[in-house]
Amino acid sequence: MKIATTALVKYTFIDIVEYTKNRSVEAQSDIIAMLNALVARVFEELKIPKEERILLPTGDGMCIAFLNYNFFDINMIFSFKLLEGLAFQNKSEQDESRRFKIRIGINENQDNLVRDINGVNNLAGSGINLAQRVMNMGDDSQILLGPASYEVLRCRELYMKHFREFNALDKHGEMFPVYQFVDEELSYLNTATPEAFRTNEIADFGHRPLTLLCAWTIALAHKRREFFASKKDEPRFAPIATTLLYHLALDEASRKKATPFKKHQLKTYKAGFASIEDQYNFYKSQDVNLIAELAEFIEEKHFKPYQNCFEGESDHKFHAFPSVEGLRKLREEFPNLEEGATSLKQA
């Protein structure tokens, strides 16, 4: 098998917002030409050589890939220059149908360099795929980032405290984090919450599929409801139960992905050996602040979109007690899941 050539790639995915809406074909063609010219001017201003970039047209936008580039934030710098130049250009454009806005998705990864059907350089990998998914969550004049780029930037002085975190769902119902760059001092930047994340979660709840992790959490909590009910009045019950259920759910999800060549690694304390009482007491014995922060992280990252799946007040859900609606969704979307839980067979 041929070994793939890879590169550390920083992506800037650009999409023209409402490209065809109320525009003639001629206006659409002019907009593409104007975007191309603007991108070329930014390349020239930043002195980015051709050998360190790949341009991939997408019809109503483009993907710009910076290859092994030394500047840690080149994709952000490029995006700022592009949005600023576009804002200035729109002010001087008299024809409304030829004024346009863009949205930007940023990500990075060690992706594969490939040749496309035309024999020119292209890229393949999770980095470019996620860059497009992230961009699709944005509105005009917004910059959204994937987790890899966020991790590179979040501790830098220029970018610290300038991100909002959201959770998005892909077409398979799997959740992934999205980070919006916000800076009120940049007049060309739209800092409003993206429309994709302003949807009323309660109204949209019935159409949002459960993730596998959330499904396992509901199943495990329901089967152990009597046990958790006996602990409900104890101090710190909610974060302890959330932490325990999260680890149990991780283990069940891991078991289902295991193969004869890839063993699963269990996360729960003495998984398969200790009773649920012993496991609960183990997490209960851990540092108070550690368990509280871990439970808060789990809630924010994995359960926030599924508030109606659990009992409790809107700002204080008990993940150990699935709601009627949560059980309905579990049985409708994962009809055989409850039967296969190894953790449910423990003493």
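Which residues in α1 are buried? Let's find out, viewer in hand.

A word on the model first. This is a predicted model, in which local features need pLDDT of at least 70, side-chain atom pairs count only at pLDDT 80 or more, and totals for chains, interfaces and linings use all residues. Residues are numbered from 1 along each chain as its sequence is written, and side-chain values use heavy atoms, with hydrogens and water left out.

**Stop one: α1.** Select residues 25-46, the 22 residues of helix α1. Helices here are DSSP runs of H or I with at least four residues, strands are runs of E with at least two, and both are numbered from the N terminus. From first C-alpha to last, α1 reaches 32 Å, close to the 32 Å expected at 1.5 Å a residue (1.5 Å times one less than the number of residues).

Now colour Ala27, Gln28, Ile31, Met34, Leu35, Leu38, Val39, Val42 and Phe43: these are buried. Buried means under 20% relative accessible area, exposed over 50%, and partly exposed in between, with a 1.4 Å probe and protein chains only. An α-helix has 3.6 residues a turn, so residues three or four places apart point the same way.

Next, show β1 (5-16), β2 (53-57), β3 (61-67) and α2 (74-92), which are among what covers those buried residues.

**Stop two: positive phi.** Just after α1, pick lysine 47, where phi is positive at about 55 degrees. Then jump to lysine 161, in the loop between α4 (147-153) and β7 (163-169); its phi is near 65 degrees, and the residue is exposed at 82% relative accessibility.

Finish at arginine 236, between α7 (225-231) and α8 (237-257). Arginine 236 is not a glycine, yet has a positive phi of about 65 degrees, and is partly exposed at 27%.

Definitions and conventions:
Contact means heavy atoms within 4.5 Å.
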